[in-house]
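Visitor: I'd like to learn how to read a protein model by eye. Could you walk me through it, one feature at a time?

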Amino acid sequence: QVQLVESGGGLVQPGGSLRLSCAASRSIFRGYVMGWYRQAPGKQRDLVATITSGGTTNYADSVKGRFTISRDNAKNTVYLQMNSLNPEDTAVYYCYAGPTAISSSLSSWGQGTQVTVSS
């Protein structure tokens, strides 16, 4: 499995921005779907955004127009730029890597990074 290390979470005021990064452990990253999911307290883990090896992106309706996912294949890294954050975006954000966007025994998850949006 691919090891994933996230960074970039923290506390931000409503309307602010954060950028999350996720570094993959090896070059298998190139052929994998990468993504971000989030889980708020007491809720299920939900899709935020995914990006294929070819650069095709998919977003949850709640983040369209505010969040941007991108990947740097040379650095084995995927990013999530989050703008216009609101308190409903507060959650633990998890990086995902897998052959498809559907989690399976071949998928990998990061340890999670906390994002808190509060004044």
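Visitor: Let's start with the link of Cys22 and Cys95: is it left-handed or right-handed?

Guide: First, the general idea: a disulfide is a covalent bond between the sulfur atoms of two cysteines. Keep in mind that this model is predicted. Here the angle about the S-S bond is -85°, and the link of Cys22 and Cys95 is left-handed. Their sulfur atoms sit 2.0 Å apart.

Visitor: How many helices and strands does the protein chain have?

Guide: Zero helices and eleven strands. As for overall form, a compact globule of 119 residues would have a radius of gyration near 14 Å, and the protein chain agrees with that because its own value is 13 Å. Buried residues account for 43% of the 119.

Visitor: And how do I look for pockets?

Guide: Rolling a probe the size of a water molecule over the atoms shows where empty space is left. In this model, the largest pocket has a volume of about 180 Å³. Strand S4 (33-39) and strand S5 (46-51) each give two or more residues to its lining.

Visitor: Which residues lie nearest the centre of the largest pocket?

Guide: Of the 13 lining residues, those are Arg38, Ala40, Lys43, Asp46 and Glu88. By class, the lining has five charged, four polar and four nonpolar residues.

Conventions:
Residues are numbered from 1 along each chain as its sequence is written. This is a predicted model: local features need pLDDT of at least 70, side-chain atom pairs count only at pLDDT 80 or more; totals for chains, interfaces and linings use all residues. Side-chain values use heavy atoms; hydrogens and water are left out. On a 1 Å grid over the protein atoms alone, a cavity is a set of points where a 1.4 Å probe fits but cannot get out, and a pocket is an open set with protein on both sides within 12 Å along at least five of seven lines; lining residues have an atom within 4 Å of a point. Grid points are joined across faces, edges and corners, and a volume is the space filled by probe spheres set on the points. Helices (H or I, at least four residues) and strands (E, at least two) are DSSP runs, numbered from the N terminus. Ala, Val, Leu, Ile, Met, Phe, Trp, Tyr, Cys and Pro count as nonpolar, Asp, Glu, Lys and Arg as charged, and the others, Gly among them, as polar. A disulfide is a pair of cysteine sulfur atoms within 2.5 Å. The radius of gyration is taken over C-alpha atoms; the globule rule is 2.2 Å times the number of residues to the power 0.38. Buried means under 20% relative accessible area, exposed over 50%, partly exposed in between (1.4 Å probe, protein chains only).
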